Amino acid sequence: MSTFDPLLLSRIQFAVNISFHILFPMITIALAWVLLFFKIQYDRSGDSQWINAYRLWVKVFALSFALGVVSGITMSFQFGTNWPGYMETVGNIAGPLLAYEVLTAFFLEATFLGIMLFGFKRVSNRVHTIATALVAIGTSVSAFWILALNSWMQTPAGFEMIDGAAHVTSWWEAIFNPSFGYRLLHTVTASFLTASFLLAGLSAYRWRRGDRTPAVKAALRTGLYLAAVLAPMQIVIGDLHGLNTLEHQPAKVAAMEGLWETRKGAPLVLFAIPDATTQSNKLAVTVPKLASLILTHDLDGEVQGIDAFPDAHPPVGPVFWAFRIMVATGLLMLLMSWLGTFAMFRRGEPGPALTRGLIWMTFSGWLAVLSGWYTTEIGRQPFLVAGILRTEDAVTSVPATSIGATLIAYLVMYAVLIYAYVSVVFYLARQAGLGTTKKSAPRAYGTSPLTHESTSPEADHA
């Protein structure tokens, strides 16, 4: 173990931690707003399908929220244990932004989450709805501060370096740095797509088990319709974000596109096996001049390649493949959401092939988010903070054996937790439909014998 590089092990360990952590905020940010939608629909119509849907999904939200908080704590430890140079150099900016997140968002979420989970029969309906709204606002405010910090690390602004440490000269410029708006919009939309496919996939699972209650149909429609609208929007937002990245982080775009040499009329590389040794692409399938057209809006526009950034460019292979996995997953989500929406409008219910497909894509949002996250974070290398702090200059002096041992512990713990989370989510779905699948007439909307789902608004208030 001592022959391993502490820098490489520290990078892998942080990647493992953040990969696990990001899964859960990407559900809760959007799911909180979906729960508010369910609650408002119930308040407006008195239709029990909405509160029945709320009752299942608030449990999924609580589980996701808990794992997000716990995994966030382990990440904060790593700033001190594995990356002491990070806080020494940019702590004057990172520290306050993280503190703002705790003060303005986490306390808001934590305070009203209890009312949201346990207060339905203990407070008035209006107070319960307000609590749900405040939790939704809290999750979004939390995303605002975290993405402000991450964007600042990608495109730092509003600071000056004094004795090797960054000091803020303008908080406005630091927070609203050049890539912040694009990153916030891209990430929040990704969260809604992740939650949409979780809604649709788990509802399809209940449907295939014979649970045809209105609550299942309401959640399925909500997931499909949301995804059908947001998937094409995300493509447009992603394109705008890419153009912003080209302006401020051209080395990252060169790696994403697999462009080794600066050239005019650059081709779009659809498929290739990038070879860092020969600085070329093997088995490349390209479309002539299309990369220049997309990135510069000119068929003969010049696009910088990796050769323009000697000793200051990310590894091409991981960024190239992560970007393509993200795009391919996004296109598949677009196709499935449109097919599902068409089926719901035409037949009023999903067919067998659609439900099977949606179940397989229940966690497709996670795949898209992780591949997008790797594109962003690996694409920032070799810098921890672009142009200010190299990753190798911030790493710990802790022996590789210690880092390796804790890395193994994290891997085992996260594998167990992911398995437990997925198992519990599907268990909750089965329990929500308990009774329906044992009866012979599950299709009688509004007359469900569900023990967990009331069909009477009056009973909901009892």
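The side chains of Asp211 and Arg206 meet in a salt bridge, at 2.8 Å from N to O. A salt bridge here is a side-chain nitrogen of Lys or Arg within 4 Å of a carboxyl oxygen of Asp or Glu. The structure is a predicted model, in which local features need pLDDT of at least 70 and side-chain atom pairs count only at pLDDT 80 or more, while totals for chains, interfaces and linings use all residues. Residues are numbered from 1 along each chain as its sequence is written, and side-chain values use heavy atoms, with hydrogens and water left out.

Side chains of opposite charge can pair when their charged atoms come close. A search of the whole structure finds four salt bridges. Buried means under 20% relative accessible area, exposed means over 50%, and partly exposed lies in between (1.4 Å probe, protein chains only).

Another of the salt bridges joins Asp300 to Lys289, with the closest N and O atoms 3.0 Å apart. This pair links distant parts of the chain, 11 residues apart. Asp300 sits in the loop between H10 and E6, and Lys289 in the loop between strand E5 (280-287) and H10. Helices (H or I, at least four residues) and strands (E, at least two) are DSSP runs, numbered from the N terminus. Asp300 is partly exposed, at 44% relative accessible area. Lys289 also counts as partly exposed, at 33%.

Lys39 and Asp43 form a further salt bridge, and their closest N and O atoms are 3.8 Å apart. Both residues belong to helix H2 (residues 25-45). They are four residues apart, about one turn of the helix. Lys39 is buried, with a relative accessible area of 0%. Asp43 is partly exposed, with a value of 33%.

Backbone geometry was examined next. A cis peptide bond joins Gln381 and Pro382, with omega at about 10°. Pro382 lies in the loop between H13 and strand E7 (383-385). His297 is a residue other than glycine, yet its phi is positive, near 60°. His297 is placed in the loop between helix H10 (290-296) and strand E6 (302-303). With a relative accessibility of 60%, His297 counts as exposed. Asp311 is not a glycine either, and its phi is positive at about 65°. The loop between E6 and helix H11 (316-347) holds Asp311. Asp311 is exposed, at 67% relative accessible area.

Ser371 is found in helix H13 (residues 364-378). Ser371 is buried because its relative accessible area is 5%. Its side chain reaches the backbone oxygen of Ala368 at 3.0 Å. Beyond residues up to four places away in sequence, Ser371 touches Ala322, Ile325 and Met326. Contact means heavy atoms within 4.5 Å.

Methods:
Polar contact = N/O pair within 3.5 Å; in protein donor to acceptor, adjacent residues only side chain to side chain.
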